[in-house]
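Hello,

Here is the structure I promised to pass on to you. Please have a look at it first, and then read my notes below.

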Amino acid sequence: MVELHCHLDGSLRLSTLEDLLRQKNYQIPDNIKFYPGMGIEEALSRFQTTLSVLQEPDAVERVTREICEDARELKHTHTEIRFAPQLHNGAPVEEIVDAAISGLDHRSNLILCGLYGEPPSVLNSLVEIARTRPRVVGIDLAGAPHNSHKYSLMDYDEPFTRARDLGIGRTVHAAEGRSPKEIEVAINFLHAQRIGHGLTLLEDWKTLDLVMQKGVTIEACITSNWHTGTITHPSKHPIKQWLDHGVNVAICADNTLLSDTVLPIEYTRANQQCGLSNRDILQCKINAERAIFQRR
């Protein structure tokens with residue numbers, strides 16, 4: 001199995017989170033985990049707790065190493081771990097990225113995330129960091145757009161174009177319960193090869209045709225979408241329809257701690273609750289393998 005969509009700050013071991021909170025004399029929350037229908041904004045707020053203990057390089061390296069250890073236990077053949085190093089203020093951004101790289105094993109690589117609303121210059125800096133670090137195989141635009149943001153999705157075209165020119169992979173969180181036109185912009189202007197979530201894809205046939213034409217892979221995160229309320233139940237996820245249309249779909253866990261899931265659980269859920277056949281499951285595994293970011 002290949003995991004393409006794993007957020008470092010949402011995939012700590014619970015025991016590690018509690019240990020790091022104790023070290024800083026921070027309060028351990030009663031329940032850090034997501035729940036069905038909580039909404040995207042509430043879900044994003046939970047990362048404040050995990051980020052609070054991941055400010056220093058040592059903690060970043062430890063959590064990266066443990067994610068890789070857990071992935072090996074789950075028989076992952078490859079894992080792409082993503083995070084926003086600019087949110088970790090215990091050292092310069094380059095040192096934070098290098099700490100994560102130090103925690104990687106030979107079956108894993110990094111994706112660096114800019115966040116919706118951040119200045120495009122932040123993404124430019126991440127691309128420059130990636131340029132000299134082959135273990136950084138991709139960049140991402142994560143989080144969610146908000147009316148208060150100064151910058152729109154289109155404003156990130158420059159760093160993503162630079163990433164394309166350098167042979168760095170591109171993925172974008174888009175259409176997570178929002179307009180499918182986000183996917184169109186991400187592909188046409190940000191040169192996205194993969195789309196995170198993409199739930200509303202089938203609401204616009206032009207966008208669907210574009211995804212098919214470009215061979216874009218959708219990173220499906222079933223449990224996560226249920227928790228954020230963008231679907232009301234796993235059985236309502238459009239993954240089966242996507243596959244029936246011939247869309248390249250990869251099943252992903254998103255946040256193993258916060259959503260209390262792992263990739264094998266997501267495959268089981270896709271089979272038992274979303275109606276995927278064994279053939280569909282195999283196709284998702286093939287799609288994920290083919291969509292791994294490779295630096296050229």
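**The sheet**

Strand 2 and strand 3 run parallel and are joined by five bridges. In this pairing, glutamate 80 stands opposite asparagine 109 of strand 3. Helices (H or I, at least four residues) and strands (E, at least two) are DSSP runs, numbered from the N terminus, and two strands pair if DSSP finds at least two bridges between them.

Before going on, a word on the source: this is a predicted model, in which local features need pLDDT of at least 70 and side-chain atom pairs count only at pLDDT 80 or more, while totals for chains, interfaces and linings use all residues. Residues are numbered from 1 along each chain as its sequence is written, and side-chain values use heavy atoms, with hydrogens and water left out.

The open sheet is built from eight strands in the order 1-2-3-4-5-6-7-8, with parallel pairing. Strand 1 (2–7) and strand 8 are at the edges with a single partner strand each, so one side of each has no neighbour in the sheet. From one strand to the next, the twist averages 25°. At the strand 8 end, strand 7 (residues 217–220) pairs with strand 8 in the parallel sense over four bridges. Glutamate 219 has alanine 250 of strand 8 as its bridge partner.

Two helices that pack on the sheet are worth a look. Helix 4 (residues 57–73) touches strand 1, strand 2 (78–83) and strand 3 (108–115), and its direction makes about 150° with that of strand 2. Helix 12 touches strand 1 and strand 8, at about 125° to the direction of strand 8. Contact here means heavy atoms within 4.5 Å; the axes are lines fitted to C-alpha atoms, for helices over the stretch in contact, and angles run from 0 to 180 degrees between N-to-C directions.

**What is buried**

I use buried for under 20% relative accessible area, exposed for over 50% and partly exposed for anything in between (1.4 Å probe, protein chains only). Strand 3 is largely enclosed by the rest of the structure, because seven of its eight residues are buried. Helix 8 (residues 181–188) is mostly covered too, with six of its eight residues buried: Glu182, Ile183, Glu184, Val185, Ala186 and Ile187. These buried residues pack against strand 5 (169–174), strand 6 (194–197) and helix 9 (205–214).

The largest nonpolar core has 81 residues, and those with the most contacts inside it are Leu110, Val172, Ile195, Ile239, Trp242, Ile251 and Leu276. Such a core is a set of buried Ala, Val, Leu, Ile, Met, Phe, Trp, Tyr and Cys residues joined through side-chain atoms within 4.5 Å. A second, separate core has eight residues, including Val2, Cys221, Ala288 and Ala291. As for valine 172, the residues it touches beyond four places in sequence include Ala186, Leu190 and Ile195.

Tyrosine 267 sits in helix 12 and is buried, at 6% relative accessible area. Beyond four places in sequence, tyrosine 267 is in contact with Met1, Ile251, Ile281, Cys284 and Lys285. Serine 259, in the loop between strand 8 (248–251) and helix 12 (263–272), counts as buried because its relative accessibility is 3%. Apart from neighbours within four places in sequence, the contacts of serine 259 are Phe34, Thr223, Ser224 and His227.

**The largest pocket**

The largest pocket holds about 520 Å³ of space. Of its 28 lining residues, Leu44, Phe47, Leu115, Ala142 and Gly143 are the closest to the centre. Helix 2 (40–45), helix 3 (47–52), strand 3 and helix 10 (222–228) each supply at least two lining residues, and helix 2 gives the most, with four. For the terms: on a 1 Å grid over the protein atoms alone, a pocket is an open set of points where a 1.4 Å probe fits, with protein on both sides within 12 Å along at least five of seven lines, and lining residues have an atom within 4 Å of a point. Grid points are joined across faces, edges and corners, and the volume is the space filled by probe spheres set on the points.

**Two positive phi values**

Most residues other than glycine have a negative phi. Asparagine 25 has a positive phi near 60°; this residue lies in the loop between helix 1 (14–23) and helix 2 and, at 70% relative accessibility, counts as exposed. Lysine 75 has a positive phi of about 70°. Its place is in the loop between helix 4 and strand 2, and lysine 75 counts as exposed at 63% relative accessibility.

Best wishes
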